[in-house]
Amino acid sequence: MAQKLIAPSMLAADFGNLQRDVEMVNNSEADWFHIDVMDGHFVPNISYGFPVIAAMKKYATKPLDVHLMIEKPERYIEEFAKVGADIITVHHESTVHLHRTLRQIKDAGCKAGIVLNLTTPVSVLEDILPECYMILLMSINPGFGGQKFEDITYNRVRKLRAMINEQGLNTRIEIDGGVTNKNIKRLADAGADAFVAGSHVFKSDNQIATIKNLKELANS
Ligand code: DX5
Ligand code: ZN
């Protein structure tokens with residue numbers, strides 16, 4: 001079985017010490033940097049854009065997993081690729097021509113994925129799954145870090161894993177929102193492969209040890 005992956009969310013990093021926090025992730029057992037882009041329209045919050053991502057890319061030694069919480073993401077795909085995105089995920093709810101947007105991400109040289117809001121049925125993915133490197137399931141309402149994990153996610157992971165297996169694909173499932181040492185193993189057992197963790201990592205006293213612990217639990 002493939003290794004389960006940990007993606008610390010840089011939304012919870014200390015922006016005054018961004019280089020330090022990027023280097024912490026470099027030196028940890030984390031696999032990806034999770035980069036949350038918010039536009040104040042698709043979600044109520046605004047996070048950061050191109051110059052900040054380029055600054056992180058300058059020091060990052062691991063792939064950037066860029067989660068776009070913006071309306072009509074197709075307007076900006078090439079620019080996100082240019083500043084260093086390795087994986088780009090777009091919300092099903094944010095773009096009308098999803099298939100075209102996924103092709104656009106791949107044409108820009110990135111791996112492409114779809115994000116589903118908390119209650120968007122996983123069945124909407126049935127026909128588009130073969131186009132996806134990864135599916136990101138939100139386990140909170142997107143827009144803010146530090147929210148409580150919603151338990152309906154376990155069943156959603158199981159359903160999506162069954163759909164992926166049925167189609168004979170190896171699409172990854174990533175979980176985002178409220179992931180901690182209390183729920184990561186159960187999510188991994190349900191069939192998730194990658195885990196975003198913001199507050200749980202960055203608010204802990206020993207961030208490197210927290211990441212190591214998450215990774216061990218996910219792979220246990
Ligand atoms: C929220 C973001 C998440 C967020 C997760 O909309 O997509 O990636 O940073 O933060 P935690 O782990 O604190 O819930
Ligand atoms: Zn995210």
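# Strands, a zinc site and a helix

Student: In strand 3, which residue is the bridge partner of valine 37?
Tutor: Leucine 68 is the bridge partner of valine 37 there. Keep in mind that this is a predicted model.

Student: How many bridges join strand 2 to strand 3?
Tutor: Six bridges join them, and the two strands run parallel. The chain gets from strand 2 to strand 3 through helix 2, in a right-handed β-α-β crossover.

Student: Which way do the residues of strand 2 point?
Tutor: Phe33, Ile35 and Val37 point one way, while His34, Asp36 and Met38 point the other way. All of these are buried. With six of its six residues buried, strand 2 is therefore largely enclosed by the rest of the structure.

Student: Now the zinc ion (ligand 2). Which are its protein donors?
Tutor: The protein donors are His34 through NE2, Asp36 through OD, His67 through ND1 and Asp176 through OD. They lie 2.0 to 2.3 Å from the zinc ion.

Student: Are histidine 67 and aspartate 176 buried or exposed?
Tutor: Histidine 67 is buried, and aspartate 176 is buried too.

Student: How are the donor residues of the zinc ion spaced in sequence?
Tutor: The spacing reads H-x1-D-x30-H-x108-D.

Student: What is the arrangement of the donor atoms around the zinc ion?
Tutor: The arrangement is octahedral, because the six donor atoms subtend angles of 70 to 167° at the zinc ion (ligand 2).

Student: Back to strands. What does strand 8 pair with?
Tutor: Strand 1 (residues 5-8) pairs with strand 8 in the parallel sense over four bridges. Strand 7 also pairs with strand 8 in the parallel sense, over two bridges.

Student: What unit do strand 7, helix 6 and strand 8 make?
Tutor: Together they make a right-handed β-α-β unit.

Student: Are the residues of strand 1 and strand 8 buried or exposed?
Tutor: Both faces of strand 1 are covered, with Leu5 and Ala7 buried on one side and Ile6 and Pro8 buried on the other. In strand 8 (residues 194-197), Ala194 and Val196 point one way, Phe195 and Ala197 point the other way, and all are buried.

Student: Helices next. Which residues of helix 5 are buried?
Tutor: Thr153, Tyr154, Arg156, Val157, Leu160, Arg161, Met163 and Ile164 are the buried ones. The list makes sense if you recall that an α-helix has 3.6 residues a turn, so residues three or four places apart point the same way.

Student: What do the buried residues of helix 5 pack against?
Tutor: They pack against strand 5 (111-116), strand 6 (134-138), strand 7 (172-176) and helix 6 (184-190).

Student: How far apart are the end C-alpha atoms of helix 5?
Tutor: They are 22 Å apart. At 1.5 Å a residue, the 15 residues of helix 5 should span 21 Å, so the two values agree. Helix 5 is followed by glycine 168, whose phi is positive, near 65°.

Student: Which residue has a positive phi although it is not a glycine?
Tutor: Lysine 72 does, with a phi of about 50°. Most residues other than glycine have a negative phi. Lysine 72 lies in the loop between strand 3 and helix 3 (77-82), and lysine 72 counts as partly exposed because its relative accessibility is 48%.

Student: And glycine 40, where is its place?
Tutor: Glycine 40 is in the loop between strand 2 (33-38) and helix 2 (50-59). Glycine 40 is partly exposed, with a relative accessible area of 31%. Not counting residues up to four places away in sequence, glycine 40 touches Asn45 and Ile46.

Student: Last one: what covers the buried residues of helix 1?
Tutor: The cover includes strand 1, strand 2, helix 2, helix 7 (199-202) and helix 8 (207-218). The buried residues in helix 1 (residues 18-26) include Leu18, Asp21 and Val22.

Terms used:
Residues numbered from 1 in each chain as written. Chains lettered and ligands numbered in written order. Predicted model: local features only at pLDDT ≥ 70, side-chain atom pairs only at ≥ 80, totals over all residues. Heavy atoms only, no water. Expected span 1.5 Å × (residues − 1). Buried < 20%, exposed > 50% of the residue type's maximum accessible area, 1.4 Å probe, protein only. Contact = heavy atoms within 4.5 Å. Donors = N, O, S within 2.8 Å, 3.2 Å for Na, K, Ca; no water. Tetrahedral: all angles 85-135°; square planar, octahedral: opposite > 155°, others 65-115°. Pairing = 2+ DSSP bridges. Right-handed = clockwise from strand over helix to strand, strands pointing away.
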